[in-house]
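Hi everyone, thanks for coming. Let me put the structure up on the screen, and then I'll walk you through a few spots.

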Amino acid sequence: LSGRPLSQHQSPARMGWTRCRGWLWSGWQQARSLSHGLKQRHVTMLSIAGVIGAGLFVGSGHAIAEAGPAVLLAYGMAGLLVVLVMRMLGEMAVASPDTGSFSTYADRAIGHWAGYIIGWLYWWFWVLVIPLEANAAATILHAWFASVPMWAFALGITILLTITNLFSVKNYGEFEFWFALVKVVAIVAFLAVAGAAMFGLIPGSQVSGTARLFDQGGFMPKGFGAVLGAMLTTMFTFL
């Protein structure tokens with residue numbers, strides 16, 4: 001470690017200890033450095049499915065009841081907001097790569113207090129969202145397996161998520177890849193079935209076309225305020 005060449009007259013024990021120290025130092029340096037554990041397919045699938053939250057599967061009915069057909073505007077505005085935020089984060093990540101993400105950017109641009117507060121708020125956000133996501137998943141599973149109580153599903157999902165995050169980044173990426181693929185396949189299948197029903201390709205389906213968008217009090221029956229209120233639900237579609 002001192003950088004001096006080994007003497008030819010060193011004893012085998014001393015030479016062995018020197019090599020051992022070198023291996024330990026090299027291993028410690030590798031442990032401190034970051035490594036790329038995610039493959040390209042992991043990153044691609046996480047990018048696609050990472051913006052598909054439980055709100056799309058569970059909360060969409062509540063948003064439709066809140067805003068009516070104008071819920072399309074709520075989803076559109078929420079999606080536009082997410083796109084703008086992600087573009088801004090992407091520009092900052094390219095300009096200043098760092099592992100701290102937006103809390104680091106706030107620290108540099110505004111001050112240490114801003115980075116500190118944003119970092120802890122983000123942590124608190126996930127403390128609240130993870131139980132919400134587990135409860136949403138438990139609601140779906142309970143509808144299929146009514147004999148199992150919802151709390152058991154929620155507890156099992158929370159434990160599964162905790163165990164998954166304890167593995168290495170590579171294993172986490174593999175886990176997320178396959179579960180994200182399930183979400184994507186489910187959405188594609190839903191769109192295919194809904195489209196077939198809309199165009200009358202499914203026997204017995206009643207096709208209403210676009211009439212339902214206006215025959216129940218108009219496109220925006222509860223006003224624009226209801227659309228903004230529905231955005232509280234539609235935002236969870238992207239979390």
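So, on the surface there's a nonpolar patch: Ile110, Trp113, Tyr116, Ile117, Trp120, Leu121, Trp123, Trp124, Val127 and Leu128, together about 1200 Å² of accessible area. A patch here takes residues with over 30% relative accessible area and no salt bridge, joining like charges within 9 Å and nonpolar side chains (Val, Leu, Ile, Met, Phe, Trp, Tyr) within 5 Å. The areas are Shrake-Rupley with a 1.4 Å probe, and for residues only the protein chains shown count as cover.

Keep in mind this is a predicted model: local features need pLDDT of at least 70, side-chain atom pairs 80 or more, while totals for chains, interfaces and linings use all residues. Numbering starts from 1 along each chain as its sequence is written, and side-chain values use heavy atoms, leaving out hydrogens and water.

Helices are DSSP runs of H or I, at least four residues, numbered from the N terminus. Tyr116 is exposed, at 56% relative accessible area; buried is under 20%, exposed over 50%, partly exposed in between.

Arg41 is in helix H2 (40–49) and Glu174 in helix H8 (169–198), so the pair ties together parts 133 residues apart in sequence. Arg41 is partly exposed at 33%, and Glu174 is partly exposed at 25%.

Technical notes. A salt bridge is a side-chain nitrogen of Lys or Arg within 4 Å of a carboxyl oxygen of Asp or Glu. Buried means under 20% relative accessible area, exposed over 50%, partly exposed in between (1.4 Å probe, protein chains only). Helices (H or I, at least four residues) and strands (E, at least two) are DSSP runs, numbered from the N terminus.
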